[in-house]
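Here's a quick briefing for anyone meeting this structure for the first time. Have a look at the model, then read on.

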Amino acid sequence: MVVGELTEEVQMVVIGGGPGGYVAAIRAAQLGLQVMLIEIEDIGGVCLNRGCIPSKALITAAEDYAKGKNGNVPGIDHVVTLDFRKVQEWKDSVVTKMTQGVDMLLKGNKVRVVKGEAFFVGPQEVRVMTDTEAHNYHFTHCIIATGSRPVELASLPFGKRVLTSTEVLALGEVPKRLAIVGGGYIGIELGQAYAKFGAKVTILEGTPSILPAFDPSITRLIGRSLKEWQVEVVTGALAKSAVESADEVRLTYEVNGEEHAVSADYVLVTIGRRPNTDELGLDAAGITLDGKGLIPVDHQGRTSVANIFAIGDIVAGPALAHKASYEGKVAAEAAAGMHSAVDYACIPAVVFADPEVAVVGLNEDEAGKVYEKVKTGRFAYGANGRAVSMNAANGFVKLIADEESGVLVGAQVVGAEASNLIAELALAIEMNATLEDMALTIHAHPTLPEMVMETAEAALGTPIHMLKK
Amino acid sequence: MGVFQFAFPELGEGIHEGKVAKWIVHEGDYVREDEPLAEVENDKAVVEIPSPVEGKVVQLFFSEGAVASVGEPFVSFETDAVTSDANEEVPKTPLEDAGFATTVHEVKQAEAIEVSGTRTSPAGHTNQSAVATPDIAATPERVLAIPSVRRLARENGIAIEEVKGTGEHGKITREDVFAHLANQDRDNPAISKSENVELPAKEAVTKLVFDTAQEEIVPLSSIRRSIMQAMVKSKFSAPHVTMMDEVDVTELVSFRNEMKQVAAARDVKLTFLPFIVKALIAALKKYPYLNAELDEENGQIKLKKEYHIGIATDTDRGLLVPVLHHANHMSMWELAEQITALSAKARTGKIKLEEMRGSTASISNIGSAKGLFFPPILNYPEVAILGVGRIRETLLRKDGEIVDAHMMALSLSFDHRVVDGAMAQLALNEIKAVLAEPKRMLMEV
Ligand SMILES: Cc1cc2nc3c(=O)[nH]c(=O)nc-3n(C[C@H](O)[C@H](O)[C@H](O)COP(=O)(O)OP(=O)(O)OC[C@H]3O[C@@H](n4cnc5c(N)ncnc54)[C@H](O)[C@@H]3O)c2cc1C
């Protein structure tokens, strides 16, 4: 130990202030623990500062602009102008409002926030470095929530014009041409938003389909919509290199062995994210990573070292903010001695594309492997009064149930407000609701959720607003 | 590669130890998960203990013929499946490893790229439909139970999969969890309910066989069910402690004998209970924390200003607790009449719900069944319950003389969250003082 080095005693240390870490810190404080939260950058993590929140603000602005320009309802004409800098200022103000809110909540719960980079020096001790000093903390419990960062391709190193989602969210002006490597949800969301602002967007996807984890019936609708926004999608494409020059970047890629190139103002590389677990000194704590760089944990989020927990993007499962928060609560409760466990039936997932995509539980194929027989129902937005009167008749709701019991096991929604519609379906799955339960629940008219009731009836064979084939 | 120590697993409900009959593996052997390690014998059966992990056997902690207890180190392995078992408990979802930019697959790819340094790489794999989609086929059907019931089971240390669901399609209800708990308590009173974060033991391979023909199945009545729930709730929410003591009630016995004729003239059945109610109220008045309710949510204790005394009453259908509302305003005669009336109603099933509600403290009398001392379970959320045992005649040394005496057994249970032992004993002393000297009852009214 260096002379003069002090070690302070803390009951609970949380490393990382994202939706996993700050939620864990608040819950631990609510349960009476004395909590310290260490964050190297900004409270709110990726989600609030450079992920979910800013991207959704830009997507809303792009949608507003596009609706203004192209008109939503016939007969209403607008003269629309775009001051993108102001849009960015507004987006930043949204982020500030949300992160300040989190600051206030942490303060109100008496969570002590410490700025700096944390790493382990032992199974019960972390060191926190700032530019000027280092300080050690000895803890009883620790929750690691350090999140993830964008994966860099060796062939396309990040530079002035080869960017991550963080820089693309913060562009000062709308690029004329934007090339995107990666047709996952971040690529699609940002690509479509910039296309609505007027950029010429090209998306390169390595597999045969964009959003490859989703059913073809879903990706077809998104593909069609991308085409309408003049987004060029190239599938089966291998990005090979990017050459930056003073005012553009030239991206070379291969399809079926043939070489192609596209020039753009910027290239966004969004092929996935890697866990921030490599610089944490986990060896010193006695924690071993799995082959994917993730931290193995048990059903409470406990690592192989019993007083250290890990949550969020650094453990197995989908990298989503709401999953991180759920795990954060469980880990904090477990540390406080409660018998909580990660025990969900489903996690909803949303793509804020146009139209929106939201899925929860099993899809039809997956359900078929678990249950002997599966019953499905499908209902089109076009047959719903509210959808049509919103001028949003594009999309569908699909329910998947175990035929024997009628219990809902999965759902998919594509269309306006899918992100909100999915909540009822997640609750239905957790509550073991059957198709009948959903069909017999009165849904207000005229609303989009009426489609849930109608889809359940369709699955049961008696839809009112749809003719049986 | 880490060393994993496997603790001797539970072989079945209530079985805490077993004799190592035979080792199937030896130190240095390589075993796969689920391969048998040893044959273990207990008084019911011989079972095989399966390996929880794949790896090399480093050490066997027992020799053949030795007896191992649950939790003791049994076998250690060199393995890289350090938390594999624990991991299995994390529910796999279809989203896992799927399109949500999981950190998983892409990273591998990127690492591979960095290592090889080649400049060919697939663009945009935000997912890996071609790769490792979770093994859905192997995912068992999830048992039906809503989140709050799952939590209830966890909090009571029960694996939800083990609960028998009585709801539609085998759905597990709150009541099923309570029923499971009650069964567990009966079969297995000593097992601690605490959740084990160590590797869960694999189930022993050989299932124990019980002779079910010897059992009679009695469905639970609704009263039995609510007794069950109330008891479980009380026992698991309020840590309670019982003080036991005896009091010389010789004077009270003769006083009551005197009063018997007066009572008969009034057509009242005079038992000892009205006196005990009076004595209890005297103590509750002096120690108000015993006539109280803990409001955990708001972090406060409510001291009750009225004294509604519950009288635990044994009926053919099970235990009922009719309440003497405002017992502090009743004369001894009124108490005696009320007790007789309420217990008759309870026994004939004519008692109304409101006559069994609102008690602030209770009395449980086991004396009439010749019981002596016992730790009564609180009538939750009350803080105190007085258990009354039989009065026995005995010889007592008093002021240097041996005298005949009647001794009454008292057991006072209290919620230790609200009241500490010293106060409870002081309250019990007060009850004793009043019962020992019935004249004091005149002063207490
Ligand atoms: C563009 C984009 C859009 C997204 N949209 C959505 C969406 O719509 N919905 C959704 O659910 N998810 C979305 N996500 C994913 C979501 O942001 C993440 O899943 C979520 O932020 C993970 O939370 P976390 O707490 O695990 O980690 P993070 O949010 O990554 O937070 C980790 C924090 O730890 C800090 N940290 C790291 N190392 C250290 C250290 N050594 N010491 C101290 N601090 C450290 C980091 O600075 C960071 O603030 C999006 C992501 C991106 C990039």
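Two strands count as paired if DSSP finds at least two bridges between them. Helices (H or I, at least four residues) and strands (E, at least two) are DSSP runs, numbered from the N terminus. With that in hand, A:Val397 has A:Val413 in strand 22 of chain A as its bridge partner.

This is a predicted model, where local features need pLDDT of at least 70 and side-chain atom pairs count only at pLDDT 80 or more, while totals for chains, interfaces and linings use all residues. Residues are numbered from 1 along each chain as its sequence is written, chains are lettered from A and ligands numbered from 1 in the order in which they are written, and side-chain values use heavy atoms, with hydrogens and water left out.

**Around the ligand**

- The ligand has 40 residues around it, and A:Gly20, A:Glu39, A:Lys56, A:Ala118 and A:Ala321 come nearest (a residue is near if one of its heavy atoms lies within 4 Å).
- By class, that shell has 17 nonpolar, 15 polar and eight charged residues. Here Ala, Val, Leu, Ile, Met, Phe, Trp, Tyr, Cys and Pro count as nonpolar, Asp, Glu, Lys and Arg as charged, and the others, Gly among them, as polar.
- Helix 2 of chain A gives the most to the shell, with four residues. Other elements that each supply at least two include strand 2 (35–39), helix 3 (52–70) and helix 9 (321–335) of chain A.
- Domain 1 (7–150 + 274–335) and domain 2 (162–271) of chain A both give residues to the shell, so the ligand lies between them. The domain bounds come from an automatic or database domain assignment.

**Polar contacts and burial**

- A polar contact is a pair of N or O atoms within 3.5 Å; within protein, one must be able to donate a hydrogen and the other to accept it, and residues adjacent in sequence count only if both atoms are side-chain atoms.
- One oxygen atom of the ligand is 2.7 Å from an N or O atom in the side chain of A:Lys56, and a ligand oxygen atom is 2.9 Å from a polar backbone atom of A:Val46.
- A nitrogen atom of the ligand has a polar side-chain atom of A:Tyr185 at 3.1 Å.
- On its own the ligand exposes 1000 Å², and the protein buries 95% of that (accessible areas come from the Shrake-Rupley method with a 1.4 Å probe; for residues, only the protein chains shown count as cover).

**Sheets and strand pairs**

- Chain A has an open, antiparallel sheet of five strands in the order 18-19-22-21-20. Strand 18 (349–351) and strand 20 (374–380) are at the edges with a single partner strand each, so one side of each has no neighbour in the sheet.
- In that sheet, strand 21 (residues 396–402) and strand 22 (residues 408–414) of chain A run antiparallel and are joined by six bridges.
- In chain B, strand 16 (residues 384–398) pairs with strand 17 over 13 bridges in the antiparallel sense, and B:Leu395 stands opposite B:Asp404.
- Two residues sit between the strands of that hairpin, where B:Asp399 takes a positive phi near 45°.

- A:Asp354 and A:Pro355 are joined by a cis peptide bond with omega about 0°, and A:Pro355 lies in the loop between strand 18 and strand 19 (357–361) of chain A.
- Another cis peptide bond joins B:Tyr380 and B:Pro381, with omega about 5°.
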